[in-house]
Amino acid sequence: MHPSTLMMGYGYEPRLSEGALKPPIFLTSTYAFESAADGKRFFEGITGKRPGGSEGLVYGRFNGPNQEILEDRLAQWERAEEALSFSSGMSAIGTALMAHVQPGDVIVHSAPLYAATEKMIDAVFGKFGVKWVDFPAHASPAEIEETIERAKGLGRVSVIYLESPANPTNDLVDIEAVSALRDRMFADAEHRPVIMCDNTFLGPCFQAPTQNGADMSVYSLTKYVGGHSDLVAGAVVGTRDALAPILALRNTLGTITDPNTAWMLLRSLETVQLRMEKAESNARAVATFLKDHPKVERVSWLGFLDPSSSQGEIFKRHCSGAGSTFSVIVKGGEPEAFRLLDNLKTVKLAVSLGGTESLASHPAAMTHLSVPEARRAELGIGDNLVRVSIGVEHEDDLVADFEQALKAV
Ligand SMILES: *Cc1c(COP(=O)(O)O)cnc(C)c1O
């Protein structure tokens, strides 16, 4: 069955909860064992003495029914073996990296990354002697190979970390090429790096990096999956082997999501396909209007990629939809961009993305303010760039809002 069908009931048995059609929220910190032998067996799974995780419910820092149903359903979208839920996108990324990286290792990553991810790799992992080397998201396989070669000279490469599409440029990474390079360049190596890909922007509906050669996808569920701008959560989806050390570390740290948030995400998952498809068709209408507007220089919506360009070719291989987050590059600079933002009415001025409501923000002055100016220029994050996330309102009202706001520019 299709994931959109499975979201209504997969992984939940009403018979076990008094016949409740929907899963109750299990607000308990600990679970009663039927026997001491059960308790011992469950703990063997939790502590990793026996592979495959816990066979039963133990304690709120390790697992819970709401989280387990959520994880079973999240894995379905990428047809992956397993998923793990986290208290935020950043706790998912942090736990996954910490589980796979040792002091002195090298992380190879695409650029730009979500600002907090870049900061974590540089400042937090840097404290433990971890080095990093990056390549631009749109790099050719030859450039990526050159970057990995350079990284190999610096130490043990343990993680290749990707974000595609990149924020806010929407540049796509050739995940299949990265995977082929990893397999070839580390065929005889003692250690094969794992490939992680942040799939927040197009997942779970329009892209499945684990089907293109990534060992795991990481998500901020706060965005499209949660979808209503009312929760913070994250996930890692992928192979059982790649996720095993991450699960063990999550058990130690307690970076698991809470039962209430997991329950809200179950509700969100029932409509994620509907919402993402509607947002995408709205984005097409808005981007089409903006593209030819005399005050707009360029619109970076993925749906406009030339299929014969290298980016368009990656899009065809990796993506089944263009999503609804893109950049509008207005003619002028910060004053023109700010005037557009200050005059939008239906579209709210806020960071974040993927909610039912449309949002607009200014990366250079907000989310990417801490990025040095020279690096911002290198990454194509100019003062005239406005990032928009289109929601599920009526498309005519969104187009009308941009039309009246641009009159003030
Ligand atoms: C928001 C976001 C994150 C971080 O997620 P939180 O849920 O805010 O911790 C990571 N990556 C991308 C691409 C994001 O948009």
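The following dialogue goes through some features of a predicted model, one at a time.

Student: What should I know before reading the values?

Tutor: Residues are numbered from 1 along each chain as its sequence is written, and side-chain values use heavy atoms, with hydrogens and water left out. The model is predicted: local features need pLDDT of at least 70 and side-chain atom pairs count only at pLDDT 80 or more, while totals for chains, interfaces and linings use all residues.

Student: How many residues does helix α10 have, and how far does α10 reach?

Tutor: Helices (H or I, at least four residues) and strands (E, at least two) are DSSP runs, numbered from the N terminus. The expected span of a helix is 1.5 Å times one less than its number of residues. Helix α10, residues 272-291, has 20 residues and reaches 27 Å from its first C-alpha to its last, close to the expected 28 Å.

Student: Which residues of α10 are buried?

Tutor: Buried means under 20% relative accessible area, exposed means over 50%, and partly exposed is in between (1.4 Å probe, protein chains only). The buried residues of α10 include Val 272, Met 276, Ala 283, Val 286 and Leu 290. Arg 275, Glu 280 and Asn 282 are also among them. What covers the buried residues, by contact (heavy atoms within 4.5 Å), includes α3 (65-77), α9 (259-269), β8 (296-299), β9 (325-330) and α14 (395-407).

Student: Which residues have the most contacts inside the largest nonpolar core?

Tutor: In soluble globular proteins, nonpolar side chains tend to be buried together. A nonpolar core is a set of buried Ala, Val, Leu, Ile, Met, Phe, Trp, Tyr and Cys residues joined through side-chain atoms within 4.5 Å. The largest one here has 61 residues, and Leu 290, Phe 326, Leu 340 and Phe 402 have the most contacts inside it. Helix α10 gives the largest share of this core, 7 residues. Domain 1 (3-26 + 64-269) and domain 2 (273-406) both contribute residues, so the core lies between them; the domain bounds come from an automatic or database domain assignment.

Student: Which residues does Phe 326 touch?

Tutor: Leaving out residues up to four places away in sequence, Phe 326 touches Ala 283, Val 286, Ala 287 and Leu 290, among others. Its contacts also include Asn 170, Trp 301 and Val 388.

Student: In what order do the strands of the open sheet stand?

Tutor: Strands of a sheet pair through backbone hydrogen bonds, either parallel or antiparallel. Two strands pair if DSSP finds at least two bridges between them. Here 5 strands form an open sheet in the order β8-β9-β12-β11-β10, with mixed pairing. β8 and β10 (348-349) stand at the edges with a single partner strand each, so one side of each has no neighbour in the sheet. Strands β11 (residues 359-361) and β12 (residues 385-389) pair in the antiparallel sense over 3 bridges, and Leu 359 stands opposite Ser 389 in β12.

Student: Which residues of β6 lie on each side?

Tutor: In a regular strand the side chains alternate between the two faces of the sheet. In β6 (residues 216-220), 5 of its 5 residues are buried. Met 216, Val 218 and Ser 220 are on one side, Ser 217 and Tyr 219 on the other, and both faces are covered. Strand β5 (residues 194-198) runs parallel to β6 and is joined to it by 3 bridges. Strand β7 (residues 234-238) pairs with β6 in the antiparallel sense over 5 bridges, where Gly 234 is the bridge partner of Ser 220.

Student: How many salt bridges are there?

Tutor: A salt bridge is a side-chain nitrogen of Lys or Arg within 4 Å of a carboxyl oxygen of Asp or Glu. By this rule the count is 19. In one of them, Arg 41 pairs with Asp 38, with the closest N and O atoms 3.1 Å apart. These two are 3 residues apart in helix α2 (residues 36-47), about one helical turn. Arg 41 is partly exposed at 30% relative accessible area, whereas Asp 38 is buried at 18%. Salt bridges link Asp 38, Arg 41, Glu 44, Arg 50 and Glu 55 in a network.

Student: Which parts does the pair of Glu 71 and Arg 250 tie together?

Tutor: The side chains of Glu 71 and Arg 250 meet in a salt bridge of 2.9 Å, N to O. Glu 71 lies in helix α3 and Arg 250 in helix α8 (residues 240-253), so the pair ties together parts 179 residues apart in sequence. Both Glu 71 and Arg 250 are buried.
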